[in-house]
Each structure stands twice: as C-alpha cells, then as structure tokens.
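Work through the exercises below with the sequence and the model open. Each task is followed by a solution in steps.

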Amino acid sequence: MRAIVITAFGGPEVLEWREVPDPRPERGEVLIEVTASAVNRADILQRVGMYNPPEGESPYPGLECSGIVTEVGADVVGFAPGDEVCALLGGGGYAERVAVPWQQVMPAPSGVSLKEAAGLPEVACTVWANVFMTGRLRRQETLLVHGGASGIGTMAIQLAKAFGSRVITTAGSAEKLERLRELGADEVINYREENFAEKAEADVILDIMGAKYLSGNIQVLRTGGRLVIIGLQGGIVGEIDLSALMRKRAAIHGTMLRNRSADEKGVVVRGVVDNVWPLVEAGAVRPVVYAEVPLAEAAEAQRMLDSGDHIGKILLVR
C-alpha cells in the first residue's frame, strides 16, 4: 500500500507519498480501507518532531479516518467486513489502509457522506471527552471555546448549543467570527482586538493555548468553574494566582487523548456514538469542512492548516 511518510523532521516538504508494508490486523483489531482522513494540529507537531506517536502505534501521521472494514482480527466485537466506519486512531490515517483496535471504531453516522465522516472522530471524541466528561458542562451553563474556528472549536460550539448551553468563542477575524455566530455562538470575541478576560464569564473553558491564557482563564471562571487545557500553542510554563483559584473553588484539568489505552478511548468512543451520532444524524451537528485535498498531497493540506485561514476541517481524500 501507499502512505505519507515523514522522511525527516521539518517543513511540509518532508512528507512523501511512498510504498510501505501492508498492515495486518492483530488480535482485537479491525483493518480499514481508508476513504478519507483529516489534518490535525497534532500531525504538524509530529512532522516537526514534537509529538511522536505512542509506542506500538503507526509511524505515519493521521489521527482519524473513514472507510470500509476489509478484515477483522480475533476477538473483535461488533464489526465485520463491508461495514462503513470511521475511527479514532493513534496514528496511520494518512495511508490507504490502517489497522485499529475495534474499541476505537464507530459506525459511520447516517446523514453525512463516508468522506465527510472522516472529519468527525478526532473532534467529536476530543469535545465529548473534555467538555462533557471532564468539564461536566451542564445545560444553561456557559462554555468558552478558544480557537472557535478550528475543527475542535466548530464541533464544541455545535455540541454545547445542542445540549442547551451558552457559548462564547474567540477567533482572529471578522469572517471567522461571523461563521461562528452562524454555528450557534452566542458571543464572539476577536482576540486580536479585545481581551477575552475582560469580556467573558464562563463555567467551563476549552483551552488550546496553555500558558499564555492561563491567568486570563482563571479570571474568567465562575465559582466552581472548570478549565480544561488540551493544547499548548501559547507555551507550556505559566504562573497563576492560586488564591483566586481557591476563592472560586475552581479546577484545572490538563488532558490528552492520543496516549490513552484502547479501552480508555473506547469509553469516549461509546459516549460519542450514544450522544453525538444522534445529533449528527438529525442534522443538529454537522462536520464543518473547509477543503478537500488528495491524500497524496498531504503536504499542501498541512500548509493550509499552518496558515490559520481555515474554518473547520481539512479532509484528505483518496
């Protein structure tokens, strides 16, 4: 088969479409013929040597895919050859075929094409795990989403609104802010022109920035608030006023999805199938697709993501 190989750490030019050995499903794994994958920030970090895959995972980038099951290993539950599926991956989505633990595989939801379904697993699982399982967002509470125009941001806005919450989000252009209003955001903040910490109050914050936004996030939290940090684009070391955290009886959670076990990911995946897929099938939540790029041209897709101009997901299609 062919896959995108990282030939050295560096820019997008280090990505090459090459012949590689075919994967085989081991015990508990499903082999998927890939229809499409999608680009995530983690793929770029892996390309530059800052986010290597966990031990035992595919060396090829790609944290999600959609496709058709072609083979199943022993002890697989609930899947058979011919099934249309999408999957949360530890790696390997930038390829023609990928083997993945069955716990991380989901039936492709109706109401979207199999190609579009490739843009759902990573964002749906990330939002469900962090906003709802860890952040415990409840109806009528307020969610602040940083980076609302990202794939994760566009999913978080839609899901929070579908579950009856109020949503505030940040983005860096008028065009993005208008699109986020269309997706359901109640309040939008241009982070290039405004200080979110002076404008927002939230019960739960989904943060991709880390250190740069740490103090501001604490300021924004309401009593009993939950800050969930899932990215470090603004640095890894920061200072906070612990007395402010204590007065608010607030909590800070730092989480990562990729390094969890198959069983742990399976809990998240089942939550998505039970709670998110019905909303997708009803049309209340949709994948937001910015562009479709041939899988062999993954370097161009990563340049597109790096530019920061996109809204939603960039798909890699075969």
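**Exercise 1: the second largest pocket**

The lining of the second largest pocket divides into eleven nonpolar, six polar and six charged residues. Here Ala, Val, Leu, Ile, Met, Phe, Trp, Tyr, Cys and Pro count as nonpolar, Asp, Glu, Lys and Arg as charged, and the others, Gly among them, as polar. The model is predicted: local features need pLDDT of at least 70, side-chain atom pairs count only at pLDDT 80 or more, and totals for chains, interfaces and linings use all residues. Residues are numbered from 1 along each chain as its sequence is written, and side-chain values use heavy atoms, with hydrogens and water left out.

Task: find the residues nearest the centre of the second largest pocket, and the element that gives the most to its lining.

Step 1. A pocket is an open set of points on a 1 Å grid over the protein atoms alone, where a 1.4 Å probe fits, with protein on both sides within 12 Å along at least five of seven lines; lining residues have an atom within 4 Å of a point.

Step 2. The lining has 23 residues, and P23, G56, E57, S58 and A99 lie nearest the centre.

Step 3. Strand 6 (residues 97-101) gives the most, with five residues; strands are DSSP runs (E, at least two residues) and helices are runs of H or I, at least four residues, numbered from the N terminus.

Step 4. The space in this pocket is about 360 Å³, a volume being the space filled by probe spheres set on the points, which are joined across faces, edges and corners.

**Exercise 2: the surroundings of D203**

Task: state where D203 is found, whether D203 is buried or exposed, and which side chain is joined to D203 by a polar contact.

Step 1. D203 is found in strand 11 (residues 202-207).

Step 2. D203 has a relative accessible area of 11%, so it is buried (buried means under 20%, exposed over 50%, partly exposed in between, with a 1.4 Å probe and protein chains only).

Step 3. The side chains of D203 and R222 are joined by a polar contact of 3.0 Å. Such a contact is a pair of N or O atoms within 3.5 Å; within protein, one must be able to donate a hydrogen and the other to accept it, and residues adjacent in sequence count only if both atoms are side-chain atoms.

Step 4. Leaving out residues up to four places away in sequence, D203 touches E141, T142, L221, R222, G225 and R226 (contact: heavy atoms within 4.5 Å).
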